[in-house]
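Trainee: I have a structure to go through and would like to ask about it piece by piece. Can we start with the ligand and then move on to the sheets and helices?

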Amino acid sequence: MSQEPRIRRLVEELSLEEKVRLTYGANDPEGRATGYVAGVDRLGIPPLRMADGPLGVRIPDESATAFPASIALAATFDTTLAREHGEALGRETRGKGQDVLLAPGANLVRVPHNGRNFEYFAEDPVLSASFAGAVVAGIQSQDVVATPKHYVANSQETARAAVDAEIDERPLRELYFPSFRSAVEADAGSVMTAYNDVNGTRMSDHERLVRDVLKGEWGFEGYVVSDWFGTEGAADAANGGLDVEMPGITMAEMQSAMAGDDADAPDAADGDGDGEAGELPDAIAEGMPDPESCERFADSLVEAVESGAVPEGRLDDMVARVLGTMDRVGLLEDGEARRASGDPTGSDDGAVDTPAHRELATRVATRGTVLLENDGVLPLSDDADVAVIGPNVDEPVLGGGGSSETTPVVETDPQTGIDERAEGEVTVAYGLPRIEAVSMLEEFTAGSEDDRADPSREPDLEGAAATAREADVAVVFVRDTASEAIDREDLRLPDRQEELIEAVAAANDRTVVVVNSSGPIECPWRDEVAAVLENWYPGQAHGDAVASVLYGDADPGGRLPVTFAPEDAYPTADEQRYPGVDGTARYDEGVFVGYRHFDSTGREPTYPFGHGRSYADYEYVDANLDLEGGTVHVTVENTADRDGREVVQVYVRPPSVADVDRPVRELAGFESVSIPAGERVSVAVDLEELAFARYGENEWTVDPGEYALEIGRSSRDVRATVRTELEAAFRERTRESLATDEAPPTDG
Ligand code: BGC
């Protein structure tokens, strides 16, 4: 329980019923918050309001800046930018009169098909942890509670609420924990548990992982909140370390709250599968938890405490964690006052959709764009005649489906972005009917009837090819569709988009493909085209951002945070591992996820982790290791006649140890730097301890022997190597800093 005397006194003044009321969700009387904990007026405790992220602040029927997807942010390999991004999210959350942002998504990208990969950062724990920490620090700096989610091993949406992740301690420690631990170290005020089980226990009542590891070992002092309808037994959850149960209201109440003022808002889902308003299509329904199986804190916690099934000390700790977190962001001081200062909806125009946030959304979308291939066609010359082709070129790709869906105030689509930038002629051909993205929220609140199809768009590949033939350059925009609650069926582009690319490429050998995807896709057509850009889900600034990269106003600063390969090449191609058999997904690839897998099997990825080209060229002049300072100093020269942005990456190759399988290399550090034409810069890359250590025999170990530090442009493009024997003192320091206090808290 909190040591803060003020919080202890407050807890003592609460009745049993009042305490319990602070541990579960209720309906927001304003109908705006996705999660709402009612306050206690009598003691001046204000309510706690939670809004969804991580792509922007989502409130039904309201707008906010629609930022690029998290994976696009991670592709910048720039944690300073991530911090700025977090600050903007925090500012908008506060500007909307909300106290908590349910973000960032901190799960590791293990399964390339995962419908929520766009909400996560990377397949590598050092990259993912750096971004989780930076975004959390940014959000919290605005006196807003960050909620990294979903703790832990929530790697798939297929059966996400039922699957048991069977996983060893080593991959948990080396891969899946670090982002959450880093978020805790960055002072996250809360952590959301995942829907899935881990090793046979539901995450919402996982005593070992929640109470012992998160709170005990990492010293997490905030509150642990369940994912929506993610709990089962109330007493088990409370005793396991869960502090707040969400949403605390029924599915029907939540659906109508989410529908906002929508006249079609459903009364309830009747579950007969006929697709009427409010009833989810099967694919989404399978990814949803069963609200009926939750035992609510509201219904049973008072009795559980009275009967001794949950110790009162535990309840006091739950409440102290909620109040302590509210206090840390200043809510107990000025909670209602700070809301009253905004307009009646709580939306403060000075903080939401500001010019600075619009510019940031554009900058992140631009900087995260990855140039996968380029035979010289890019950057485009200003006066080129450009054919803009693709079924969705007249709308920006704001994000994927689900709780992160954000509605912007302003947006630019690719067609407009290019049209505004081009000095040559711009022609447009759709080629195919619009690819309908899944809006889980629309399905959830207005039924599954599809009234969005545009009948005027018949497939016309020949027309698209003819438009391409007339132009100097053809730019084809293609996209996937991904959503919470549903995984992608495969990694190919949906509908006939591959055919469209082939038809256009056959008509114009200066064809550029811009991919808007949630994660890796297969690109069997890549040899037929002149350039490929991975532009992720860029958000509201889509058109401006992609135009600035296409025309070379900005260098493509992005690098891949995930490996691109054919789907059968990933470790999760084995159905035992994904989606699992008989309700169990075996994580028996261990630590060999992402590039660790491709390196160890010797299989060539299509595009390796860390890959991304620049319009400039770089020479790595020299590299030195300062082991004491934990830094590699690299001098990089931009040998081109244009300014560029380079991402210097450092990987550790550990020595081999008998009977231990280690990845060939692990990312240890990275630094994104802008280098003017013809200039040299000295880059200092800080090294993360995690890359030197392995988790074996229940503790962190740093093996003696020779380590090679590979410095380069990607995990497969090494430009310099420095070898070192780690001194005993360094090894011990590294081990100690990773080791944690093993003692579980007494009443937490
Ligand atoms: C999602 C969470 C989200 C919550 C509230 C759940 O279905 O998994 O990420 O924060 O809903 O909308």
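Trainee: Which residues are the closest to the ligand, and how many surround it?

Mentor: 13 residues surround the ligand, and the closest are Asp52, Arg116, His150, Asp227 and Glu484. A residue is near a molecule if one of its heavy atoms lies within 4 Å of it. Before going on: this is a predicted model, where local features need pLDDT of at least 70 and side-chain atom pairs count only at pLDDT 80 or more, while totals for chains, interfaces and linings use all residues. Residues are numbered from 1 along each chain as its sequence is written, and side-chain values use heavy atoms, with hydrogens and water left out.

Trainee: How far is the side chain of Asp52 from an oxygen atom of the ligand?

Mentor: An N or O atom in the side chain of Asp52 is 2.4 Å from a ligand oxygen. For Asp227, the distance from a side-chain N or O atom to an oxygen of the ligand is 2.7 Å. Lys149 has a polar side-chain atom 3.0 Å from a ligand oxygen. A polar contact here is a pair of N or O atoms within 3.5 Å; within protein, one must be able to donate a hydrogen and the other to accept it, and residues adjacent in sequence count only if both atoms are side-chain atoms.

Trainee: Now the sheets. What is the order of the strands in the open sheet of six?

Mentor: The order is S10-S15-S14-S13-S11-S12, with mixed pairing. Strand S10 (370-374) and S12 are at the edges with a single partner strand each, so one side of each has no neighbour in the sheet. From one strand to the next, the twist averages 20°. Strands are DSSP runs of E with at least two residues, helices are runs of H or I with at least four, and both are numbered from the N terminus. Two strands pair if DSSP finds at least two bridges between them.

Trainee: How many bridges join S10 to S15?

Mentor: Four, and S10 and strand S15 (residues 531-534) run antiparallel. Leu371 has Leu533 as its bridge partner in S15.

Trainee: Which strands of the sheet does H20 touch?

Mentor: H20 packs on the sheet and touches S13, strand S14 (511-516) and S15. The direction of H20 makes about 140° with that of S14. Axes are lines fitted to C-alpha atoms, for helices over the stretch in contact, and angles run from 0 to 180 degrees between N-to-C directions.

Trainee: Ser548 is in H20. Is Ser548 buried or exposed?

Mentor: Ser548 has a relative accessible area of 14%, so Ser548 is buried. Buried means under 20% relative accessible area, exposed means over 50%, and partly exposed is in between (1.4 Å probe, protein chains only).

Trainee: What does the side chain of Ser548 reach?

Mentor: The backbone oxygen of Ala545, at 3.0 Å. Leaving aside neighbours within four places in sequence, Ser548 is in contact (heavy atoms within 4.5 Å) with Thr366, Asp553 and Ala554.

Trainee: Next, H16. Which of its residues are buried?

Mentor: In helix H16 (residues 414-421), the buried residues are Pro414, Gly417 and Ile418. Seen down the axis of H16, they fall within an arc of 90°, so they line one face of the helix. The arc is that of the directions from the helix axis to the C-beta atoms.

Trainee: And what covers the buried residues of H16?

Mentor: The cover includes strand S11 (386-389), strand S12 (426-429), strand S13 (473-479) and helix H20 (542-550). At the start of H16, a side-chain oxygen of Asp413 comes to within 3.2 Å of the backbone nitrogen of Gln415.

Trainee: Back to sheets. What is the order in the open sheet of three strands?

Mentor: S17-S18-S21, with antiparallel pairing. Strand S17 (618-626) and strand S21 (680-686) are the edges, each with a single partner strand, so one side of each lacks a neighbour in the sheet. S17 and strand S18 (residues 631-638) are joined by eight bridges, and S18 and S21 by seven.

Trainee: Which way do the side chains along S21 point?

Mentor: They alternate: Val681, Val683 and Val685 point to one face and are buried. Ala684 in S21 stands opposite His633.
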